[in-house]
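Open the model in your viewer and keep the selection tool at hand.

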Amino acid sequence: MCQLLGMNCNVPTDICFSFEGFHVRGGLTDHHRDGWGIAFFEGPGCRVFLDSKATIESPVAELVRRYPIRSKNVIAHIRKATQGVIALENCHPFQRELWGRYWIFAHNGNLEGFEPPVDGFLPVGQTDSERAFCLIMSQLRDRFPQGHPGNEALFRALGEISCAVAAHGLFNFLLSNGEVLFAHCSNNLHYLVRKAPFGPAHLIDQDLSMDFSQVAQADDQVAVIASFPLTDNEPWTAMPPGQLLMFREGEPVAALQCRRR
């Protein structure tokens, strides 16, 4: 399975420390070697970096490690191919425009026999993940033809769509429009909220620590979401299967639970 990493903050923050632990899962501490990508929102704009190489071999990953891009919403993905060839067009995260803003999506899992009809949003590659993203965008557009309905209505609609798609298989995903970040868990997704009083954090995948009390401001708040915890001395929360969370300003602000069929 693939690996997901997300960050949602109340102030623009760099993801360098988390990415340092995350990127070695792309071929060193785990066997995910089929491409990777990361997206950073900056206001209405979005920087997207993709590479079909493993993160531990990717010059693009080296650039991201050394370049402290600050963002309030970040989504990263390390790919283990289940559907679609190893190629750039199949690397997550995927990007689309809806209601005059960019949307970024990354998925971990496998949706068997998932060939939904889509209208207006078409996949470029061959993955079930991109097909699911196109379906989400199409259904949101059709449900709200007048434009963005507000975060609460958007969250409820996304909860219904997510539950329907998850009936086809594992559907762990991260989705953001640059304002909020949505996280849906089918089997493995964890999150952590860093806020005052800050302290040291130690990575699981590397012997590397950072004392956030030396770099964070008193009112900073950062939510980190990952397939599996990145640190071994912080209170990570495991999301229950079927849960959808909405993160805003560095904390979860709404939760929905799929009903079992």
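Start by selecting Cys-91. Is Cys-91 buried or exposed? With a relative accessible area of 1%, Cys-91 is buried in this predicted model, because the cut-off for buried is under 20%. You will find Cys-91 in the loop that runs between strand S4 (70–78) and strand S5 (94–98).

Now show what surrounds this residue. Apart from neighbours within four places in sequence, Cys-91 is in contact with Asp-34, Gly-35, Trp-36, Leu-50, Asp-51 and Ser-52. Then draw a distance from the C-alpha atom of Cys-91 to that of Thr-237: the two are separated by 27 Å, and they are 146 residues apart along the chain.

Which cysteine sulfur is closest to that of Cys-2? The answer is the sulfur of Cys-91, but at 10.0 Å the two are too far apart for a bond. Cys-2 counts as buried, since its relative accessibility is 7%. Cys-9 is in no disulfide either, and its nearest cysteine sulfur, in Cys-16, is 12 Å away. Like the previous stop, Cys-9 counts as buried, with 1% relative accessibility.

**A covered helix**

Next, select helix H1, residues 16–23. How many of the eight residues of H1 are buried? Seven of them are, so this helix is mostly covered. To see them, pick out Phe-17, Ser-18, Phe-19, Glu-20, Gly-21, Phe-22 and His-23.

Return to the loop between S4 and S5, where Pro-93 lies. Select Pro-93 together with His-92: the peptide bond joining them is cis, with omega about 0°. Most peptide bonds are trans, and most residues other than glycine have a negative phi.

Move on to Trp-99, in the loop between S5 and strand S6 (101–108). Here phi is near 55°, a positive value in a residue that is not glycine. Trp-99 is partly exposed, with a relative accessible area of 22%.

**Two helices side by side**

Now select helix H3 (residues 128–143) and helix H4 (residues 151–166), and colour them separately. At what angle do H3 and H4 pack? The angle is about 140°, and their axes are 11 Å apart. That makes H3 oblique to H4. The crossing of the two helices is right-handed.

Show the side chains where they touch. From H3 come Ala-132, Leu-135, Ile-136, Gln-139, Leu-140 and Arg-143, while H4 brings Leu-154, Ala-157, Leu-158, Glu-160, Ile-161 and Val-165. Sorted by kind, the residues of this contact are nine nonpolar, one polar and two charged.

**The disulfide**

What joins Cys-163 to Cys-258? A disulfide does, with 1.9 Å from S to S. A disulfide is a covalent bond between the sulfur atoms of two cysteines. The count for this model comes to one disulfide. Cys-163 lies in helix H4 and Cys-258 in the segment after strand S15 (251–257), so the link ties together parts that are 95 residues apart in sequence. Look along the S-S bond as well: the angle about it is -105°, and the link is left-handed. Cys-163 counts as partly exposed, at 22% relative accessibility.

**Another cis bond**

Select Ala-196 and Pro-197. The peptide bond from Ala-196 to Pro-197 is cis, with omega near 0°. Pro-197 is found in the loop between strand S9 (190–195) and strand S10 (200–202).

Select Gln-243, which is found in strand S14 (residues 243–248). Gln-243 is buried, at 14% relative accessible area. Leaving aside neighbours within four places in sequence, its contacts are Ala-183, His-184, Cys-185, Ala-255, Leu-256 and Gln-257.

Finish at Glu-249. Where does Glu-249 lie? Look in the loop between S14 and S15. Glu-249 has a positive phi of about 55°, although it is not a glycine. With 31% relative accessibility, Glu-249 counts as partly exposed.

Terms used:
Residues are numbered from 1 along each chain as its sequence is written. This is a predicted model: local features need pLDDT of at least 70, side-chain atom pairs count only at pLDDT 80 or more; totals for chains, interfaces and linings use all residues. Side-chain values use heavy atoms; hydrogens and water are left out. Axes are lines fitted to C-alpha atoms, for helices over the stretch in contact, and angles run from 0 to 180 degrees between N-to-C directions. Helices (H or I, at least four residues) and strands (E, at least two) are DSSP runs, numbered from the N terminus. Angles under 35 degrees count as roughly parallel, over 145 as roughly antiparallel, 65 to 115 as roughly perpendicular and the rest as oblique. A crossing is left-handed if the near helix is turned anticlockwise from the far one by less than a right angle, and right-handed if clockwise. Contact means heavy atoms within 4.5 Å. Ala, Val, Leu, Ile, Met, Phe, Trp, Tyr, Cys and Pro count as nonpolar, Asp, Glu, Lys and Arg as charged, and the others, Gly among them, as polar. A disulfide is a pair of cysteine sulfur atoms within 2.5 Å. Buried means under 20% relative accessible area, exposed over 50%, partly exposed in between (1.4 Å probe, protein chains only).
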